[in-house]
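Here are some notes for a colleague who is opening this entry for the first time. Please read them beside the structure.

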Amino acid sequence: MDEVEGAPVGRRVVLGMLGLGALGVALGSRAQDKVGDVLAPISGIIPAAGGFRYYTVTSSVPEETAQTYRLEVSGRVAKKRTLTMADLAALPQTSLTRDFQCVTGWRVKDVAWSGVALPDLLDACGADPKAAAITFTSFDGVYTESLTMEQARRRDMLVATSMLGGPVTHDHGGPVRLFTAPMYGYKSLKWLGGIEVVDEVEPGYWELRGYDVDAWVGRSNGRTDAPTS
Ligand SMILES: Nc1nc2c(c(=O)[nH]1)N[C@H]1C(S)=C(S)[C@@H](COP(=O)(O)O)O[C@H]1N2
Ligand SMILES: [Mo]
């Protein structure tokens, strides 16, 4: 009796599972991962003006001001340093104007940025040029990113203190964020809190969730040229 009554239900359940299974087969497990990755950031969007979307993977981020902000530089450096906004302002300043391209498809043309080029900051802290990589942490407590030392020594990799003609706003990751000009937006870590010189590349937040560690935008179409300053 149980068997007879149970059979149709069981079959519907099994057919339902087959349906989902067939979808999975059609997409492939990698494709399903990609769909998840593309949808996941949408939950973090706050609408923004000017073509940008404000992204955050955390529900709230502490507000740091130009007075309270600190950047910790550690790892394979001659001397661990804690930099204030004034310390950053005292280093050589670099400005550049570049498109900002999110891997999910939106792009903002000709965004003006300025701040300290990463190689200048690494030199100021005595970073070991033989170290392999840099790990960046956010004071949101969750987001991380990384670059190889070779990438970090490009002059279009900025520790940005200004964006769109003014200070980097809190929603855009201020007072200090990364702008990795030749790479997709997810490399441009917001609310920069720490820079650690390390021995190997550690995949960042979205990279652990399916994005490429290699994030060059259009390497073949000439958008990796040198900055204007
Ligand atoms: N800390 C932190 N940095 C981050 C992100 C994030 O969610 N948290 N999102 C990344 C992604 S995917 C993009 S496209 C840009 C978006 O920058 P915006 O919020 O200033 O538009 O920030 C990047 N840096
Ligand atoms: Mo993005």
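1. Rings of Phe, Tyr and Trp (its six-membered ring) form a pair when their centres lie within 6.5 Å. In this predicted model, ring pairs join Phe-52, Tyr-55, Phe-100, Trp-106, Trp-113 and Phe-179 into a cluster. The count by this rule is 13 aromatic pairs.

2. Trp-106, one of the cluster residues, is in the loop between strand S5 (94-101) and strand S6 (107-117); strands are DSSP runs (E, at least two residues), numbered from the N terminus. Trp-106 has a relative accessible area of 7% and is therefore buried (under 20%, 1.4 Å probe, protein chains only). Phe-52 lies 54 residues from Trp-106 in sequence, yet their C-alpha atoms are 7.8 Å apart.

3. Of the 20 residues around ligand 1, those that come nearest are Arg-53, Tyr-55, His-172, Arg-177 and Lys-190 (near: a heavy atom within 4 Å). By class, this shell has 11 nonpolar, 5 polar and 4 charged residues.

4. Polar contacts (pairs of N or O atoms within 3.5 Å) also reach ligand 1. A polar backbone atom of Tyr-55 is 2.8 Å from an oxygen atom of ligand 1, and a side-chain N or O atom of His-172 is 2.7 Å from an oxygen atom of the ligand. The protein buries 99% of the 530 Å² that ligand 1 exposes when taken alone.

5. Residues are numbered from 1 along each chain as its sequence is written. Local features need pLDDT of at least 70, and side-chain atom pairs count only at pLDDT 80 or more.

Conventions. Chains lettered and ligands numbered in written order. Heavy atoms only, no water. Polar contact = N/O pair within 3.5 Å; in protein donor to acceptor, adjacent residues only side chain to side chain. Areas by Shrake-Rupley, 256 points an atom, 1.4 Å probe, with all protein chains shown as cover. Nonpolar A, V, L, I, M, F, W, Y, C, P; charged D, E, K, R; others polar. Phe/Tyr/Trp six-rings, centres within 6.5 Å; stacked < 30°, edge-to-face > 60°. Helix = DSSP H or I, 4+ residues; strand = E, 2+ residues; numbered from the N terminus. Buried < 20%, exposed > 50% of the residue type's maximum accessible area, 1.4 Å probe, protein only.
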